[in-house]
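Work through the exercises below with the structure open beside you. Try each task before reading its solution.

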Amino acid sequence: MDQEVYRPVHAVRFVTAASLFDGHDASINLFRRLLQSSGAEVIHLGHDRSVDLIVDAAIQEDVQGIAVSSYQGGHVEYFKYMMDRLRERGAAHIQVFVGGGGVIVPKEIKEMKAYGVAKVFSPEDGRTMGLQGMINYMMKACDFPTVDGLDNEPEEVAKGDYRSIARMITMVERAVTDKNFRRDHKGILRELKNNPASSAPVVGLTGTGGAGKSSLTDEWVRRFLADYPDKKIAVLSIDPSKQKSGGALLGDRIRMNAVHHPRVFMRSLATRRNRSELSAGIQDAIAIVKRAGFDLILVETSGIGQGDADIVEVADLSVYVMTSEFGAPSQLEKIEMLDYADLIAINKFDRKGSEDALRDVRKQYRRNHNLFDVPDEALPVYGTMASRFNDAGTDQFYRAVIDRLREKTGWEQESSLDVQRRKMEVRHIIPPERTHYLWEIANTVRKYQSHIDEQSLAARRLYQLEGVRQMWEESRDEASDEKSLASSLSRLEKEWSARLDSDSHRLLREWPALKETYRQDELVVKIRNKELRSPLYTETLAGSRIPKVALPQYEDWGEILRWRMKENVPGQFPYTAGVFPLKRSDEDPKRMFAGEGTPERTNRRFHYLSEGEPAKRLSTAFDSVTLYGRDPDERPDIYGKVGESGVSICTLDDMKKLYAGFDLCAPNTSVSMTINGPAPIILAMYLNTAIEQQMDQFRERTGRDPSPEEAEEIRAHALSSVRGTVQADILKEDQGQNTCIFSTEFALKMMGDIQEYFIQHQIRNYYSVSISGYHIAEAGANPISQLAFTLANAFTYVEYYRSRGMDIDEFAPNLSFFFSNGLDAEYSVIGRVARRIWAVVMKRLYGANERSQKLKYHIQTSGRSLHAQEVDFNDIRTTLQALMALNDQCNSLHTNAYDEAITTPTEDSVRRAMAIQMIITKELGLAKNENSLQGSFIIEELTDLVEEAVLREFERISDRGGVLGAMETQYQRGKIQEESLYYETKKHSGELPIIGVNTFIKEGEEAEPEYELTRATADEKRAQIENLHRFQERNRDHAGDALQRLKKTAAENGNIFAELMQTVRFASLGQITQALFEVGGQYRRNM
């Protein structure tokens, strides 16, 4: 296994990305970090990238290598298309490297290799080569110059050919450090400088690191393209090189959506050995893009310090980008750029202190430029929020740059962007006064812990006093001072009793009756005015009576009270042992995941899974095209993914086919949908399907259409009856799974709209969000980070919904949770800790009612623990994880199939997965008891340990401005990546033993196993595309108006979800997504 780092001779550049509609970026993030540390310049594009976008970037960046991870199917079509596009564009020399774990099977690896892919890394390669060995292989294969000499590049540059522009820029970069190369091409270099062939003005953007320069540049370019439909713009973006390794992370492209446009050329430059915020070749690069005929050139520098101002040497107009976080106003006197900048943007203007910063920067600018007679509003200092779509402050900044450019350089292009009618509005998702909500939450839980200590001590003292009294009464004699002792005991009892609050007195008073309740044969409870009787004992074959709930045999009142306040019986606060008194006897907790090919095919799988089951608990997996809100298409990189790893759903017609034969309003039907970015659209389709089913049933019963009044009653009944959950957790998507498609603020607005609609229409049995830690764990987080981030996200939704005026008891019951279960010790108590923290905070901080205090969650066994090597061992891991989840009283459970590391599960593997939990619940004797974890010393200690670790994480997030503030600095994503790297390093080194993967490995050569691969057929893909076209053609006359109404509703801040309930009847998923992009903005990826 190769561990020594290979150091390249040439400047090696890579484009790295995850494939189209693929959010699994943990591995590519690991690889791009290792490539950089090995000396490569890495242009990282992030997740969900199309072939054309990657190829365009690779050509403009003139890279030697492309590295792409692909976990969502369609690999062969995707990478064959990539090879075709590279050849068509004259870039066949670029080496393509692919990784996809076990989901890319040996047959597919061979096919791609034969087509020209340089290397497809398999799990076996990871075991034999190691991480650094794989990186070395890539670096060696790409250690060659892309430009040795020039052919007709100078002439092609003049014609605007992007590949030639890129090669010329590489030439001037190489000439900086290679004396011989510079000597051989000095004629061309001299001519470039002396004859630029264009007078295009250069705008330079510089500023502090983390000020949002890339986002502001992106928004500026977007406005420029809309403002000047016939003009071209070149963007030259500079990032620093690591002096030790020579590597560089060129990360600006990932933040920019607008640069992927035919009228934009972008090149990322590393500073290399130049100790400046600029690349040594920047002036020559500017000359090259001027020669290419661009109308405007933007140069964005790396982050600078207070004393840097090199940008003014290369720019006609200089812009300084900063935030409000510069310290004391006296620090402004040290910033060199305030002397030179033509304009200043205070970005992230929604941050606390921005108004004060605007005032202070204006004062300093006035002093530096002797503009004492100029009013504040006329000074070129602007507040911007580049992260906000269509921000009015960014509009004003853009227009000011254009106007100043015309004034200073004589540029003749006049802007048509009207900025007079719009004023900048600072809106906060979380009100500023609630920024430290997570600190309050941690403090609330700790106060409750202290309260338990105080109350249990008082109860213990009372118990001890009672014991003394009993002993005295049993042994007193005539000589004792009865009156004095009795008086002292009474006084002490009164003092300690006063320290107990009314709740503690009640808990102790009820204890004997509670014990008696659980000695009975049946437990009688009332739920929604309905009396339910459940047996409290089961009998073994040997005749033993096993209690479903076993109570402690404590006598000490302090121990009793501590147990009741920290643990308690299932169904009672703080719900540590479970939110319901007993599990349901009429249905198992199993919920099986299904989704493949067409709606009709998945519908058949649903019927297979629920055959003979009284409860129909359907959990829906969507294909990656649907997950990203797009329609099926014949373009190869889309076509290959249609119906893979999930079902293709793009119209209301599809949704009706998907659930045909299931009564969606029946009390025994529950439907879960794993969808996030386009969740509001898919949910609107689902609710319409439920309503239409009820309308059809009315027609079948009566033989006529319902009247308007009857239709309204049917609609109300359907909405109040549906059961299930939609995931719709946009915060964890940004942090971990990456199926965000809209800007975060807009996505949160739609989540709030859904919940408001649910409240207005009394939708109480369907969860409006499944707050998910599962995908955070799958991205690499350890169990404590998974739990802490998930709960922090949940409390963020609580704060946001409350800020919109919603009552907590009207929305909290619509929140559900979703966790992963691995094999780490902390997973044994993840439900206990989550339930207790949630209940305590809901009750003691938010004053919520009992229903709102109950945290209900679904568990899916760990997908990350499924390995392509020795796949049969996966069932063993899954069994242990399922046992942990059921012992911890999860409310529903999905057990992964052993072959999911390779393919969508087959019917046989799904049957085995279902059998795992059925054997536990039906055959395992101890599983008949429902509180088996209570009373275990290690479980109690683990619960307290994990709870405290979660609270400390809350405090760290609070220090960063809460969940949204931490997301802005990439805190959660960075921590997840670090934990993923830690796991992968230990796995590859063997320090973390994984049976069949890095230890206990079969000896000798083994024949490649043949697996039944579940793939969508060509006929199914074509059928989905044809069905889409038929739907669009049928609704052609209505779709346009429906989409316009939707955009108008969004623009006027109306309830978008209420309008979507109508839109989905006439427009497809892709059409709706595109319309919402226009009013809400696209998601901007993060590193």
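Predicted model: local features only at pLDDT ≥ 70, side-chain atom pairs only at ≥ 80, totals over all residues.

**Exercise 1. List the residues that Asp 252 touches, leaving out those up to four places away in sequence.**

- Step 1. Apply the contact cut-off: heavy atoms within 4.5 Å.
- Step 2. Read off the partners. Asp 252 touches Ser 214, Ser 237, Ile 238, Asp 239, Met 266 and Glu 300.
- Step 3. Asp 252 sits in the loop between strand 8 (248–250) and strand 9 (264–270).

**Exercise 2. Decide whether Asp 252 and Asp 239 are buried or exposed.**

Solution. 
- Step 1. Take the cut-off: buried means under 20% relative accessible area.
- Step 2. Asp 252 has 7% relative accessibility, so it counts as buried.
- Step 3. Asp 239 has a relative accessible area of 14%, so it is buried.
- Step 4. Locate Asp 239. It belongs to strand 7 (residues 233–239).
- Step 5. List its contacts beyond four places in sequence. They are Leu 249, Leu 250, Gly 251, Asp 252, Leu 269, Ala 270, Thr 271 and Ser 302.

**Exercise 3. Find which residues UniProt marks as "binding site", and explain why they gather at one spot.**

Solution. 
- Step 1. Consult the record. The unreviewed UniProt entry gives Ile 238, Asp 239, Asp 252, Glu 300 and Thr 301.
- Step 2. Compare sequence with space. These residues span 64 residues in sequence, yet no two of their C-alpha atoms are more than 10.3 Å apart, so they gather at one spot.
- Step 3. Check against the contacts. Asp 252 touches Ile 238, Asp 239 and Glu 300, among others.

**Exercise 4. Work out which strands pair with strand 6, and in what sense.**

Solution. 
- Step 1. Take strand 10 (residues 296–300). It pairs with strand 6 in the parallel sense, over four bridges.
- Step 2. Take strand 11 (residues 317–322). It also pairs with strand 6 in the parallel sense, over five bridges.
- Step 3. Follow Leu 205. Its bridge partner in strand 10 is Glu 300. In strand 11, Leu 205 stands opposite Val 319.
- Step 4. Link back to the record. Glu 300 is one of the UniProt "binding site" positions.

**Exercise 5. Explain why strand 6 (residues 202–207) is largely enclosed.**

Solution. 
- Step 1. Look at one face. Val 202, Gly 204 and Thr 206 point one way, and all are buried.
- Step 2. Look at the other face. Val 203, Leu 205 and Gly 207 point the other way, and are buried too.
- Step 3. Conclude. Six of the six residues are buried, so strand 6 is largely enclosed by the rest of the structure.

Technical notes
Residues numbered from 1 in each chain as written. Heavy atoms only, no water. UniProt positions renumbered as here; feature names shortened; annotations may be inferred. Helix = DSSP H or I, 4+ residues; strand = E, 2+ residues; numbered from the N terminus. Buried < 20%, exposed > 50% of the residue type's maximum accessible area, 1.4 Å probe, protein only. Pairing = 2+ DSSP bridges.
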